[in-house]
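Hi,

Here is the structure I said I would pass on to you. Have a look at it first, and then read my notes below.

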There are 2 protein chains.
Amino acid sequence: MKEHDMQITLSTTKKEKPQADQLEFGKQFTDHMFIMDYTQGQGWHDPRIVPYQPLSLEPSAMIFHYGQSVFEGLKAYATPEDEIILFRPEKNFQRLNSSNSRLCIPDVDVDFALKALKTLISVDKDWVPQAEGTSLYIRPFIIATEPYLGVSPSNKYQFIIIMSPVGSYYKEGIHPVKIAVESAFTRAVNGGTGEAKTGGNYASSLKAQEVSEKMGYAQVLWLDGVEKKYIEEVGSMNVFFKINGEIITPALNGSILPGITRDSIIELLKHWGLPVSERRISMEEVHEAYKLGHLEEAFGTGTAAVISPIGEFLWNGEEMLVQSGETGELSRKLYDTLTGVQTGKVADELNWTTKVEEKVTQ
Amino acid sequence: MKEHDMQITLSTTKKEKPQADQLEFGKQFTDHMFIMDYTQGQGWHDPRIVPYQPLSLEPSAMIFHYGQSVFEGLKAYATPEDEIILFRPEKNFQRLNSSNSRLCIPDVDVDFALKALKTLISVDKDWVPQAEGTSLYIRPFIIATEPYLGVSPSNKYQFIIIMSPVGSYYKEGIHPVKIAVESAFTRAVNGGTGEAKTGGNYASSLKAQEVSEKMGYAQVLWLDGVEKKYIEEVGSMNVFFKINGEIITPALNGSILPGITRDSIIELLKHWGLPVSERRISMEEVHEAYKLGHLEEAFGTGTAAVISPIGEFLWNGEEMLVQSGETGELSRKLYDTLTGVQTGKVADELNWTTKVEEKVTQ
C-alpha cells in the first residue's frame, strides 16, 4: 500500500483548541483521525483520513466480547524551531506488530503506518501544542470488528489513529510517587499476554490500582506471577533501580512490556558509560540494598511520564524511603535529557527523532 | 429500577428468520436488543428495548483501549408444550456481578436484569427456534464507554443483551474431540482474571487455539500458570475426568471460570449418588490413570456444547486415547439429562428451569 492510496476528507468545521493550561490527558481530540480496514482475503485496505467521529459497530463485533485488541502510545513535539518531531515512532509500529502476533491480529506495514501517521499529524499540525511540557499524544489501535460470537480470531479489523493534545505530566515539576508492592493480584505470567500491549492487561490491572489508591499509593509494583518474588513492572511503566552505583531493570522475560522509554534509557546509560544491567531482581534484593543504604534511586519509565521517580515502597507493611523521598540526580538527568531530545532542545546524539513532513499529500 | 421503567421501541421491519438447518452459532441476531446506561453518580439508567442496531461509540471509548468488559452466555429453549424456558438464568447474572467486581464495573440488579431479559425474549419470542437441538443463545455484556485514554475504571458503561438463534452444537450427534495439552501458553494465573468472564481471557487464548488447530486438535487443555502441572480448563470449557469410578473436576482456585454447566453437573452427580470430587488434579495423575487403564472418561462442559466428550489427549508427544475415542456412558447420560431438562423434555428434579412470561409489558 502506498501513501498516495490514502483518501483525505477534511473536516468542514474546526473544533476550538484548548488553552495550554487546560490540557488534560486523553480527553480532547484533534479534528481528524486515520482509519484503515482489514478483511480476510483482501488484507488491509481503504486507508483514509476522516473528520474525528464516532465508530459505528455491530453489537456482536468481537471487540465487545473477546478483547482482541492492541494499541500503542507515542507523542509528537513542537521544537523551538517550530518543527514537529516524533521520538522513535518506528519502534511503536514494530511493537504493534509484536502485539498483533500474540493476539492473532494481522501485521501492519510499519513504513506505511508511519507515513499515514505523519500525514495525519500534518493535517492536524495546528493541534501540536507548543507550551513547555506539552505534546500531542498519539494513540494507534487495532480492534476486531467481525460481527460473530464464536471464539476465534476475527476476520475483520480496523486500525485507527487518534490524537490528543496533552499538558505536562508534572504540572509542578518532576516529583516522586509512593508505590505499594502488590501481593494479591497478578499482572501477567509467562505464556500470557504480558509483553503485548493489549486491553486485557490493563483491564486486569484496575482492581489492584483501585486498592492501592485507597491506601494512599499512586501505583502498584507488580511481582512475577509464579513465585511472587521477582520485580516486573510498576503501574503501567517499566521500572529501574540504582543500587550501589549499578542501574538495574528487570530483563524482558515474556511477561514484561518491552517499553520504548525503557530501551532508550538503557541505550542512553550505555552511551554515558554507566553500568546498566537487564536482569532478574527480587524485592528481597531491593530490601537488602535498602537496609544497607545502597538503594540510591528508583523510577518508573513510560511514554506518559517519561521518568517517574519513586520516593517510597510499601512492602510487607514496611515503608522503604528512597532518596529521602526526593528526586535523585540520575532520575533528573535522564528526565531532562530524554524530554530535551524529544522536544528538540537537547542534541539528538543517538538519532532518535524523526521530523514530520509538513506537506499534506492531498 | 422497576420493570415498568423500561421503554420498548418495536422494530418497524422484521428480519427474515433463518431455517432451522441454516442456523449458525452467533451470526444471526433477533429483531431487538436490550440496552441500559450507567453514569457515575447516577447509577444504571434508561433501560430500553430497541430495534437491533449498531452501537455508536467515540474512538476514545475505553472498551477499544483497556478491555474493561464482561459478558455472559445462556440459552432459552422452546419446550414440547411451546413454552419458553431458561436454565438457571439467575446464576448468569450473579456471575456477571462477580466478573464486574474483578473488573471494577458497577453491579447490576440481578432481579431487574432477569426481568429485562424475559421481556426481551417475549418481544422476540418468535425467534426461539423449535427444532430438535436448537435454542436461542443469549449474550448479556457490559462495556466501558467513557471517552478517555487514562488507565482507570470508566465512569460510563453500557449493559446490552443480544440474542442469536443457534443450531445444534452436534449436527451429527454428540462425538468426542481431540485435545492437546498446552505447555507454552498460559490462560490464567492466581491473582489474574481467570475466574471472571472478561474479554482479555478469550483474546489471550486465541494463539494457543490457533497452534493446536494446525496440529489437528480441537482445543487445548490449560495447565496452571505457576507449575504448569495442574489441570485448569479445556478450551473455553470446564473439564471433568472419570478415573476408576471417581468423577473429578479441578477445584475453583481463582483462575478457573466457575461454570454454570460445571456446577449443574456436580449437583446432578450428587443427586444421582455418584462420587464427585472438586480437587486439584495434575496431568501426571491423569497419565498414571491412563497407563493403569483407569481413565474411563473425560469431557468438557459449557453452555454451547453442554458436554463435549474428549476422545484423546496429546501430552508430551504421547497420544492418550480415552474410551477408545468413543463417547462414554456417563458423558452421554449427563448430556441427555441436562439437554432434556433444558428443553423441558426431562423432569426438572433440581428446579433449574424458569418459564419466560409471555406477556409483553408495553
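How many residues does the contact take from chain A and from chain B? It takes 57 residues from chain A and 57 residues from chain B, where contact means heavy atoms within 4.5 Å.

Before going on, some ground rules. This is a predicted model, in which local features need pLDDT of at least 70 and side-chain atom pairs count only at pLDDT 80 or more, while totals for chains, interfaces and linings use all residues. Residues are numbered from 1 along each chain as its sequence is written, chains are lettered from A and ligands numbered from 1 in the order in which they are written, and side-chain values use heavy atoms, with hydrogens and water left out.

**Where the two chains meet**

Chain A and chain B bury about 4,800 Å² between them, and carbon and sulfur atoms give 65% of that. (Buried area is the accessible area, taken with a 1.4 Å probe, that two parts lose on being put together, summed over both.) On the chain A side, A:Pro59, A:Phe64 and A:Leu206 supply 14% of the area buried against chain B, more than any other three residues.

What about charges and polar atoms? There are zero salt bridges between chain A and chain B; a salt bridge is a side-chain nitrogen of Lys or Arg within 4 Å of a carboxyl oxygen of Asp or Glu.

Which helix or strand gives the largest share of the side of chain A that touches chain B? That is α4(A), with nine residues. Helices (H or I, at least four residues) and strands (E, at least two) are DSSP runs, numbered from the N terminus. By class, this side of chain A has 30 nonpolar, 21 polar and six charged residues. Here Ala, Val, Leu, Ile, Met, Phe, Trp, Tyr, Cys and Pro count as nonpolar, Asp, Glu, Lys and Arg as charged, and the others, Gly among them, as polar.

Strands pair if DSSP finds at least two bridges between them. In this pairing, A:Leu57 stands opposite B:Leu55.

**Inside chain A**

Chain A is divided into domain 1 (3-168) and domain 2 (177-342), with bounds that come from an automatic or database domain assignment. Taken over C-alpha atoms, the centres of the two domains of chain A are 28 Å apart. In contact are 19 residues of domain 1 and 19 residues of domain 2. The two domains of chain A bury about 1,700 Å² between them, 58% of it on carbon and sulfur atoms. A:Phe71, A:Phe87 and A:Arg95 supply 38% of the area that domain 1 buries against domain 2, more than any other three residues.

Side chains of opposite charge can pair when their charged atoms come close. Between the two domains of chain A the count is one salt bridge. The side chains of A:Arg88 and A:Asp263 meet in a salt bridge, 2.9 Å from N to O.

**A few other spots to look at**

Over all chains, the whole structure has 22 salt bridges. One pair is A:Lys355 and A:Glu83, with the closest N and O atoms 3.2 Å apart. This pair links distant parts of the chain, 272 residues apart: A:Lys355 is in strand β19 (residues 353-355), and A:Glu83 is in the loop between β6 and β7 of chain A.

Finally, look at A:Asn244, a residue other than glycine with a positive phi, near 50 degrees. A:Asn244 lies in the loop between β13 (238-243) and β14 (246-249) of chain A.

Cheers
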